[in-house]
Amino acid sequence: MSVPRTPTTTTIAAAPSVHHRALLTWLAVYSMITVTQLLLGGLIAALPLPVRTLILTGVVVPVVVYVLVPALLRVHAEVRRRPAGATR
């Protein structure tokens with residue numbers, strides 16, 4: 001016979017609105033494209049446009065999806081959880 005478990009209380013932050021997610025994604029994409037262009041622009045400038053685009057998106061998309069957007073969502077959740085007027 002198993003003992004029924006009592007649910008634990010957890011605080012789950014509400015997901016940001018679609019507008020906040022779009023803004024955070026845009027910030028991540030814009031900054032990553034800018035940085036990638038600064039770092040690789042001179043190296044790939046002579047390549048045909050489709051190849052430059054392939055390289056650029058091959059770098060930008062994984063970094064944005066797996067690193068920047070999750071980090072920005074964590075920061076957004078932290079800011080939303082913090083009481084109004086609280087400072088560190």
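His-76 is found in helix H2, helices here being DSSP runs of H or I with at least four residues, numbered from the N terminus. His-76 is buried because its relative accessible area is 15%; buried means under 20%, exposed over 50% and partly exposed in between, with a 1.4 Å probe and protein chains only. Leaving aside residues up to four places away in sequence, His-76 touches Pro-16, His-20 and Leu-24, where a contact means heavy atoms within 4.5 Å.

The model is predicted: local features need pLDDT of at least 70, side-chain atom pairs count only at pLDDT 80 or more, and totals for chains, interfaces and linings use all residues. Residues are numbered from 1 along each chain as its sequence is written, and side-chain values use heavy atoms, with hydrogens and water left out.

Leu-73 also belongs to helix H2, which covers residues 49-81. With 30% relative accessibility, Leu-73 counts as partly exposed. Its contacts, again not counting residues up to four places away in sequence, are Pro-16, Arg-21 and Leu-24. Pro-16 lies 57 residues from Leu-73 along the chain, yet their C-alpha atoms are separated by 8.0 Å.

Leu-24 brings the other helix into view. This residue is one of the buried residues of H1, the others being Ala-28, Met-32, Thr-36, Gly-41 and Ile-44. The buried residues of H1 pack against H2. H1 has a kink of about 45° centred on Leu-38; the bend at a residue is the angle between axes fitted to the seven residues ending there and the seven starting there.

Helix H1, residues 18-44, also holds Leu-23, which is partly exposed because its relative accessibility is 46%. Together with Trp-26, Leu-27 and Tyr-30, Leu-23 forms a nonpolar patch on the surface, with about 450 Å² of accessible area in total. Such a patch is made of residues with over 30% relative accessible area and no salt bridge, nonpolar side chains (Val, Leu, Ile, Met, Phe, Trp, Tyr) being joined within 5 Å. Areas come from the Shrake-Rupley method with a 1.4 Å probe.

The ring centres of Trp-26 and Tyr-30 are 5.5 Å apart and the planes are at 20°, so the pair is stacked. Rings of Phe, Tyr and Trp (its six-membered ring) pair if their centres lie within 6.5 Å, and planes under 30 degrees apart count as stacked, over 60 as edge-to-face and the rest as tilted. Trp-26 and Tyr-30 are four residues apart in helix H1, so about one helical turn separates them. An α-helix has 3.6 residues a turn, so residues three or four places apart point the same way.

Glu-78 forms a salt bridge with Arg-81, with 2.8 Å between the closest N and O atoms. A salt bridge requires a side-chain nitrogen of Lys or Arg within 4 Å of a carboxyl oxygen of Asp or Glu, and the count comes to one. Glu-78 is partly exposed at 33% relative accessibility, and Arg-81 is partly exposed at 47%.

For the chain as a whole, there are two helices and zero strands. Of its 88 residues, 15% count as buried. Among contacts between residues at least 6 apart in sequence, 64% join residues at least 24 apart.

How values were computed:
Patches are made of residues with over 30% relative accessible area and no salt bridge: like charges are joined within 9 Å, nonpolar side chains (Val, Leu, Ile, Met, Phe, Trp, Tyr) within 5 Å.
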